Amino acid sequence: MSAPPAETWAERKILAARFWRTALCFWRGRRAWVAWSLCAALVVLVLAQLGVQILLNFWNGAFFDALERRDAEAVLFQAKLFVPLVALSVTLSAMAVWGRMTMQRNWRAAVTRHVVGYWLSDNRFQRIGHVNSGSENPEYRIAEDIRLATDAPVDLVMAMVASVLTALTFFGVLWSVGGSLDLKLFGTTWTIPAYLVIAVIIYSTVFTSVMVVVGRKLPRVIEQKNQAEARFRAAADLLRGQSGAGLEADPCERRAIWTGIIGALRRWRELAWQLTQTTLVQQSNVLLAPVVGWLLCVPKYLYGTMTLGELTQAAAAFVTVQAAFNWLVDNYNRLADWRSSAHRVATLLIAIDAAGPPGGELDNGFNEAGGEKETGGSEGNGAPANGG
């Protein structure tokens, strides 16, 4: 079983458009208020978590300043203040997980009902086997790929929003706490304003660039690994179907099984090599970032222009901003997995399109208000009316 040719840019655009044409039913139907309400609640939770993170950063500075002064009363006060801050942070984190997973569950439910209804309508599920592309493992695509394709966008978007807001907020912390740095070189004093902000931008740019270069092949390798696994499952399902019908597998089907195993293992080996390289960069960054933040603050601390509390506060803000800059790098794998699953859902939908009578999906499966039809319509038959 040979691997299919790589998708062109035009084909990727078609697949992405076909996926979103169906996936957006959750955001456009008559129960779209559920989706947008959950989205608003998650944004509020992100802002609340960011507020607590800022309070913890300032607590960090106050606590270490109290230690530096050897002020037992102030240290005890800060220790007591830490408890409600931690409790609030933990509570908000738990609420964010619940809200995020609730949105993912509702989105998956809406898309799954829609696709299953379309698949079952007009007996398309019986004719889809005659379609050359996208008909393999429709049950797996509906059960697993739809879940991955609707889970990842929520996680990625919320992480991106949190990263942008965190970076912008803690830029202010670095600017105010770090201030400017005076350097004497060749008999001249040079002043670097907001030097911690400049340093974190340079540091993050360097590490992000290195990761992009090292991991540039990772999305393609992950997608090829997922495709190889899918071909292996398709060959196994075909062999199982022949066995269930009382037929003996022919040599081509047996060969397809072994070809699928070899292909999947080869892709896993390539993925292991890619992840090994990216791990070297990521782990180096994890170890270096806190130390770099401290070292950048040490000169001002030694000269007495920065307190110990300000040093720890600025170093923590440096690590926080640097981590926010790494959103793209940290989500390389997730983006590749999402793209692979979304494309597999799209190819299934295109196969279902080809297996049925002509007609647009939204025209047949949705009413004019954007909600799913309760009765009638070639694509809406068999799907419950509830959109999520």
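## Arg18 and Asp353

Arg18 pairs up with Asp353 in a salt bridge, with 2.8 Å between the closest N and O atoms (a salt bridge being a side-chain nitrogen of Lys or Arg within 4 Å of a carboxyl oxygen of Asp or Glu). Arg18 sits in helix α1 (residues 9–23) and Asp353 in helix α12 (residues 332–355), so the pair ties together parts 335 residues apart in sequence. Helices here are DSSP runs of H or I, at least four residues, numbered from the N terminus.

Arg18 is buried, at 6% relative accessible area, while Asp353 is partly exposed at 25%. Buried means under 20% relative accessible area, exposed over 50%, and partly exposed in between, with a 1.4 Å probe and protein chains only.

## What the model is

This is a predicted model, where local features need pLDDT of at least 70, side-chain atom pairs count only at pLDDT 80 or more, and totals for chains, interfaces and linings use all residues. Residues are numbered from 1 along each chain as its sequence is written, and side-chain values use heavy atoms, leaving out hydrogens and water.

## Other salt bridges

The structure holds nine salt bridges. Another one joins Arg344 and Asp145, at 2.7 Å from N to O. Arg344 belongs to helix α12 and Asp145 to helix α6, so this pair ties together parts 199 residues apart in sequence. Both Arg344 and Asp145 are buried.

Then there's Asp155 with Arg100, at 3.0 Å from N to O. Asp155 lies in helix α6 (residues 138–178) and Arg100 in helix α4 (residues 72–120), so they tie together parts 55 residues apart in sequence. Arg334 joins Arg100 and Asp155 in a network of salt bridges.

Methods: Helix = DSSP H or I, 4+ residues; strand = E, 2+ residues; numbered from the N terminus.
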